[in-house]
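The following paragraphs lead the reader through one protein model, one residue at a time. Please keep the sequence and the structure in view while reading.

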Amino acid sequence: MGTKRFVQVLDATMRDGCHPLLHQYTAENLSFLASSLDQAGTPYLEVSHGDGVGGSSLHFGKSLLLDAEAIDTARASARKARITALLLPGVGRLTDLETAKLAGAQVVRVATLAAEADLAQRYMKAAHALELEAFGFLMLSSAASPEQLLEQGKKLESYGANAVYIVDSAGAMTIDEVRAKVSLLRQHLSIRIGFHGHNNLGLAIGNTLIAVEEGADLVDGCLAGFGAGAGNAPTEVLVAALHKMGYETGIDASILLQAADEMLLKVMPRPQYIEKGALSLGIMGIRGNSLFTTLPLLGKYGADVRDLFSSLVIRGLSASDIERSAGGAIEERTKNMNPSPSSPRQASGIPFH
Ligand SMILES: C[C@H](O)CC(=O)C(=O)O
């Protein structure tokens with residue numbers, strides 16, 4: 001048998017895992033998570049508010065710690081892992097990027113909706129000036145065709161991104177879709193390809209393995225699968241499955257398993273599973289951030305999340321309209337920063353449904 005192919009895993013427990021915990025990690029939680037993940041050999045650890053640096057607000061949920069405190073705590077507990085921050089242009093600002101760097105971040109993932117890579121350009125430039133490794137992160141990639149994603153990936157490559165991630169924010173992508181999207185990007189781009197999968201349809205691990213088969217070499221997970229919507233691919237299971245399939249990660253899965261068990265005891269109030277709200281988001285292709293913030297308010301009025309979504313879809317509203325009405329005002333916030341008169345999404349004609 002030839003040399004094993006190497007795949008790098010980014011663990012996002014301290015960022016995406018913030019969503020079900022309503023962004024309430026303590027410094028003690030973060031020290032425990034960062035030291036366990038680092039000891040296991042995880043190369044990248046993402047730390048920030050669930051909606052990225054600068055996300056702590058009434059709108060997205062106030063976090064207990066400042067992003068800088070969280071990043072500094074994780075950095076102090078990790079010997080080798082590279083600390084990564086997520087930034088959504090308009091939610092996070094350039095000053096948030098500088099603060100993250102000062103606190104110890106070495107990598108930034110600039111997250112835009114899949115058709116709006118243009119918004120990443122100035123943040124990529126700033127990241128390079130700060131000597132940060134910079135990855136593009138195309139959220140709601142389920143709503144774009146392979147060709148549209150390639151167009152956006154080429155833009156990110158031209159901005160100097162070191163990698164482009166296909167991000168299944170809604171956990172809505174099927175196995176064939178992942179295969180087609182990753183393979184097209186792999187054929188035409190020189191930069192690294194990443195994959196971030198949510199588990200709303202129970203496909204996070206399977207889709208990640210297909211992405212790797214098609215050439216992705218940067219893949220995401222969260223301990224015990226915590227994350228927005230139905231959660232992410234569980235890092236400990238992903239690593240074990242990658243090893244069983246003959247890939248090398250440099251990670252000790254047994255340390256991750258121990259950490260996931262302890263996390264359930266010490267940090268998270270309950271295990272995450274695919275309940276009806278999360279499944280509805282996956283079926284309809286709607287991002288899961290609002291599942292823990294705005295949507296629970298519906299219950300107060302006796303409304304069922306599936307009824308709400310289907311009635312909005314029947315009325316012809318797109319996923320981004322629904323997200324906006326459910327609490328994702330990112331586009332509103334970024335509008336003033338975009339020099340072009342029409343939004344890149346309108347220009348690209350990508351339907352978000
Ligand atoms: C802000 C979101 O939580 C980013 C993400 O992880 C996704 O879109 O998926």
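Leaving aside its neighbours within four places in sequence, E46 is in contact (heavy atoms within 4.5 Å) with L10, D11, A12, M14, R15, T84, A85, L86 and R109. The model is a predicted one, in which local features need pLDDT of at least 70 and side-chain atom pairs count only at pLDDT 80 or more, while totals for chains, interfaces and linings use all residues. Residues are numbered from 1 along each chain as its sequence is written, and side-chain values use heavy atoms, with hydrogens and water left out.

E46 belongs to strand β2, residues 44-46; strands are DSSP runs of E with at least two residues, numbered from the N terminus. Is E46 buried or exposed? E46 has a relative accessible area of 0% and is therefore buried, a term that means under 20% relative accessible area, calculated with a 1.4 Å probe and protein chains only. The side chain of E46 makes a polar contact of 2.8 Å with the side chain of R15, and another of 2.8 Å with the side chain of R109. A polar contact is a pair of N or O atoms within 3.5 Å; within protein, one must be able to donate a hydrogen and the other to accept it, and residues adjacent in sequence count only if both atoms are side-chain atoms.

R15 leads on to the ligand. Of the 13 residues around the ligand, R15, D16, H19, S169 and H198 come nearest; a residue is near if one of its heavy atoms lies within 4 Å. A polar side-chain atom of R15 lies 2.9 Å from an oxygen atom of the ligand. For D16, the corresponding distance from a polar side-chain atom to a ligand oxygen atom is 3.0 Å, and for H198 it is 3.0 Å.

The aromatic residues form a further topic. Y44, F135, F137 and Y165 make up one aromatic cluster. Rings of Phe, Tyr and Trp (its six-membered ring) pair if their centres lie within 6.5 Å; planes under 30 degrees apart count as stacked, over 60 as edge-to-face and the rest as tilted. By this rule there are 3 aromatic pairs. The ring centres of F135 and Y165 are 5.9 Å apart and their planes stand at 45°, so this pair is tilted. The pair links distant parts of the chain, as F135 is in strand β5 (residues 133-139) and Y165 in strand β6 (residues 163-168), 30 residues apart. F137 and Y165 also form a tilted pair, with 5.6 Å from centre to centre and 55° between the planes. Both F137 and Y165 are buried.

Key. Helices (H or I, at least four residues) and strands (E, at least two) are DSSP runs, numbered from the N terminus. Buried means under 20% relative accessible area, exposed over 50%, partly exposed in between (1.4 Å probe, protein chains only).
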